[in-house]
Amino acid sequence: MGNTKNSKFFGLLALVVVMLAAAGCVETPESGTEPDAETDIESDVYWPTEDWRTSTPEQQGIDSEKLAETLDYIQEEDVNIHSLLLIRNGYVVADAYFYPFAEGSIHDTASVTKSFTSTLTGIAISEGHISGVEQPVLEFFPERSVENLDARKEAMTLEDLLTMRSGFENVNDENTLDQMRESPDWVQFTLDLPMAEEPGTRFVYCSCNSHLLSGIIRETTGMNELDYANASLFEPLGIQNVSWPSDPQGNNHGWGDLRLAPPDMAKLGYLYLNEGAWEGEQVVPAEWVNKSTQKHVSLKEEVGYGYHWWTPAPGPAPGSFPGFYEANGRGGQRIIVWPEKNIIVVTTGGGFEPGDLSPFLLASLQSDQALPENPEAYGQLQDKITAASNPPDPEPVPPLPEMAEEISGETYVIEPNPLGVMTISLSFPGQEEAILNLSLEDEQQVLPIGLDNVYRLSPGGEFGPLALKGFWKTDTEFVLYYNEVSNINNYQVNMTFENEEVTLQIEELTGLGGATFSGRLESDSS
C-alpha cells in the first residue's frame, strides 16, 4: 500500500542515527570464536544464505539488561509491533516476535517493496535489459497508445520514476492507487495519468510510479517481478518463502504487498551492507547500491530520497550522518542499514511508531568493544522474548450489558459501503468470548472474539490468522479489533446499537482511513 509522506514515519531512522552516534564501529568476530571482554571485535564476513548466526548482545557491545527494557516498554504500552530484529556485525542479537504474529510467518512489507523493486531495476540494468536510468519511460512501451501525451511525458525517464519526480498528477497517493487498482489495466492507467509538471523537478510520492517500474521489468526481461526476483535475487540470497500479488496482466505490485519473513527482509539489508555482493557473486552492482542509496531529493527535516530508498541528509550538521538509509513501509515496516556502523534493524508491525523505542535501544548500545558476558541478564532477555510470542494473561471481563443479550444472534443488514460489508451479527454465548458472523461480498466469516483482552486466532487470513478481540465501551457501544496481522491492516470497529439499528464506525489503524455506515435488523430490512 501507500507509504510515508509524513515526518513521523522517520522515527526509527532518527532512532538508529542517535543510537549509532553514541557508539563506534564494531567489527565482526571470526567464525567459531567468541571475543574476550573489553577487546575489539574482529572482522569476518559470512553469508546467511541458509540461516543467520547469533551471539549474545554483549559480544556485540550491547547490554542485555538494557535491551530487555525495550521488551518491557512494548508490553507495558501495548505497542502494536509484530517483530523486532537487531543485527550487529552480521550477528543476530535480538529476534523477537509479538503475539499474535508468529516466528516463521511471512509479513506484508508494504512500501518496503519499493526498495526491492529498485534493486531489481538495478539488476536489470546490469544485465543489459535496460540501458540506464536516463532511458525515457515511453520507450519501454512502444506498442501502447498513451493519453495526455505531451513533451513533459515524453521526457520522463526511469530515474524520474525511481526518485518520485515523474511529474504525474497525483494529489493523494492512496486515492490514485485505488483508482489504478479499479482500472482494467494498471500500467495503462499510470501511463495515461495527466502531467502536473516537468519530470525531475518536484518530489511527489506516487506508488503508481513503482508499479510502472514493475511493468518495465516485465517488458524488458520477459518475466514478471517475482519470477525475475526468484532468478536474480531471491535464489542467491536463499529466500524461498515469498508471496507477491500481481495485477490483471500479471505484473507484480511494484509499490507494495511483497510478503517476506523478517529474517529474509534483513537479507536485503545485508546485501546492501556488503555493496551488492553475496557469497562471491556480485548480485547487485556496487555502483547501483551506492547510487540508489544517495540523496537525490532533499525533503524537510533533513530527510532525503534516493532510488526508492529513504536517506538522511549528509553533512556536518548535528544529527546528520552520511551513509544511513532505510526501506520504509506503512504500519512500522522497516529495513534499516548503516554500513559504516555495521548495523541492520528490521521491524514489522500493525501500526506503531518505531521511534518510540529509541530511548531503550540507545541505552542498550554501550560500546564498540565486547562487553563482559552477563548470563543472568541474557537469560532474562530470552525469557522476555519467549513471553512476547505467547498470548497475554486474560483480564477479568465485566458483566455484559443488557444490550448484549438483546442483540445476540440477531443479523443486521448493512447499507452499501466501500468495505463490502453486507451483514453482521454478534453472539454472546459466554462471558469471555463472543462470535462474529460477518458476510462480505465474496465470503462468509464466523470468528471468535476475545472479551478478556486476548486475541482469538482463526484461520482465514490470506497469509496468516485473523485475530479478534473486543469489549463493551458503554451499554450500547461494542468496540471490535479486527486484526489481519500478517497483512498489516488492523481495524477498529465501533458498533453502536439503538432502535433496531446499528452504526458502524470503522477506522484502519495504520493510516488507510475509515468509513461510517449503518444497518438495520434483518426482519426490518426491505
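**View 1. Asp78, with a positive phi near 55°, follows helix α2.** The model is predicted: local features need pLDDT of at least 70, side-chain atom pairs count only at pLDDT 80 or more, and totals for chains, interfaces and linings use all residues. Residues are numbered from 1 along each chain as its sequence is written, and side-chain values use heavy atoms, with hydrogens and water left out. Helices (H or I, at least four residues) and strands (E, at least two) are DSSP runs, numbered from the N terminus. At the start of α2, a side-chain oxygen of Asp63 comes to within 2.8 Å of the backbone nitrogen of Glu65.

**View 2. Buried residues of helix α2 and the elements they pack against.** Ser64, Leu67, Ala68, Thr70, Leu71, Tyr73 and Ile74 are the buried residues of α2 (buried: under 20% relative accessible area, 1.4 Å probe, protein chains only). These buried residues pack against β2 (81-88), β3 (91-97), α12 (358-364) and α13 (375-388), where contact means heavy atoms within 4.5 Å.

**View 3. Asp192 in the loop between α7 (186-191) and α8 (207-221).** Asp192 is buried but has no salt bridge (a side-chain nitrogen of Lys or Arg within 4 Å of a carboxyl oxygen of Asp or Glu). The nearest side chain of opposite charge, Lys153, is 5.5 Å away. Not counting residues up to four places away in sequence, Asp192 touches Ser145, Val146, Glu147, Asn148 and Lys153.

**View 4. Cys206 and Cys208, without a disulfide.** The count of disulfides (pairs of cysteine sulfur atoms within 2.5 Å) is zero. Cys206 is in no disulfide, and the nearest cysteine sulfur, that of Cys208, is 4.5 Å away. Cys206 is buried, at 1% relative accessible area; Cys208 is buried at 0%.

Technical notes. Buried means under 20% relative accessible area, exposed over 50%, partly exposed in between (1.4 Å probe, protein chains only). Lys and Arg count as positive and Asp and Glu as negative; His and the chain ends are not counted. A polar contact is a pair of N or O atoms within 3.5 Å; within protein, one must be able to donate a hydrogen and the other to accept it, and residues adjacent in sequence count only if both atoms are side-chain atoms.
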